[in-house]
Amino acid sequence: MDTLLNVIDVEATCWQGQPPPGAVSEIIEIGLTVVDLAARERTAKHRILVRPRRSTVSAFCTELTGLTQAEVDTGIEYADACRLLSQEHRADSRPWASWGDYDRNQFQRQCKATGTRYPFGSRHTNVKVRFTEARGLRRRPGMDAALQIAGLPLEGRHHSGADDAWNIAALVLGLAADGEWPE
C-alpha cells in the first residue's frame, strides 16, 4: 500500500468583483505537501509557479496571495506544471487531498479549457468534508478556522498555495492520528 499522499492547494488569478472582459481564473501557484501517512509526517513541501495565459494578476489578487504578475511570469506553462505533477510527484497514481472541491474543479476546468491531460488519479479526498464529519460540526469551516478548532498554528501565509498545502497536511495528520482518515 502506498502510504504517501499529495496534499494540493492552488492559488488562481482573482478579482474583486467580476473579472475583466475576456479574462478567466487561472492557476498561478500549485502548493504540494507530501504526507507519509505511515510515518505520520509531512516529508516535502513544493511550490510550482504557473504563468497565466488568459488573465493577469490583479492588485486584489496580489493583496490576497502575495503573488505579483512579475513573479508568476517566471513560472512554467500550465501543461508543463501538470506534467511535473504526474512525473515528479506521481499525481496520476498517488492519492491526493485538498481543502474542499475548489482545487479539483479548477484543475478539471483548466485542463478542459487548455486541452491538457488531467494530472491526477481518481483517489481524491475532500479534507474539509472529512474534518467536518470527524468533528461533528454543522458547518464546514475554512482552513484557518479548522486549524484553530484543531489547536494547530497557521504556519506561513494564508492564501499561499505552498503554505496552505502544508497547513492542510497538518489537519490530515491530525485526522489520521484520530483514526478519521480513509485508508
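Helices here are DSSP runs of type H or I with at least four residues, numbered from the N terminus. The model is predicted, and every value below is computed from it.

Helix α7 covers residues 161–177. This helix has 17 residues, and the distance from its first C-alpha to its last is 24 Å, close to the 24 Å expected at 1.5 Å a residue. Of the 17 residues of α7, 15 are buried, so the helix is largely enclosed by the rest of the structure. The helix is followed by G179, a residue with a positive phi near 70°.

## The crossing of α6 and α7

Helix α6 comprises residues 143–150, and its axis comes within 10 Å of the axis of α7; the two axes cross at roughly 40°. The crossing of the two helices is left-handed.

Which residues of α6 and α7 meet? On the side of α6 they are M143, A146, L147 and A150, and on the side of α7 they are D164, N167, I168 and L171. By type, the residues of this contact divide into six nonpolar, one polar and one charged. The spacing of such positions can be read with a general rule: an α-helix has 3.6 residues a turn, so residues three or four places apart point the same way.

## Loops beside the helices

The loop between α6 and α7 contains H159. Phi of H159 is positive, near 75°, although the residue is not a glycine. With a relative accessible area of 27%, H159 is partly exposed.

Is L137 buried, partly exposed or exposed? Its relative accessibility is 28%, so L137 counts as partly exposed. When residues up to four places away in sequence are left out, L137 touches F131, T132 and I149.

The relative accessible area of H89 is 7%, which means that the residue is buried, since the cut-off for a buried residue is under 20%. The contacts of H89, not counting residues up to four places away in sequence, are N6, L32, H46, L84 and R94.

Whereas H89 is buried, R90 counts as partly exposed, at 38% relative accessibility.

## R47 in strand β3

Strand β3 consists of residues 41–49, and R47 is one of them. At 43% relative accessibility, R47 counts as partly exposed.

Which residues does R47 touch, when those up to four places away in sequence are not counted? They are E29, I30, L67, E71 and A162. R47 can also be compared with I8: the two are 39 residues apart in sequence, and their C-alpha atoms lie 10.0 Å apart in space.

Conventions. Residues numbered from 1 in each chain as written. Predicted model: local features only at pLDDT ≥ 70, side-chain atom pairs only at ≥ 80, totals over all residues. Heavy atoms only, no water. Axes fitted to C-alpha atoms, helices over the stretch in contact; angles between N-to-C directions. Left-handed = near helix turned anticlockwise from the far one by under 90°. Contact = heavy atoms within 4.5 Å. Nonpolar A, V, L, I, M, F, W, Y, C, P; charged D, E, K, R; others polar. Buried < 20%, exposed > 50% of the residue type's maximum accessible area, 1.4 Å probe, protein only. Expected span 1.5 Å × (residues − 1).
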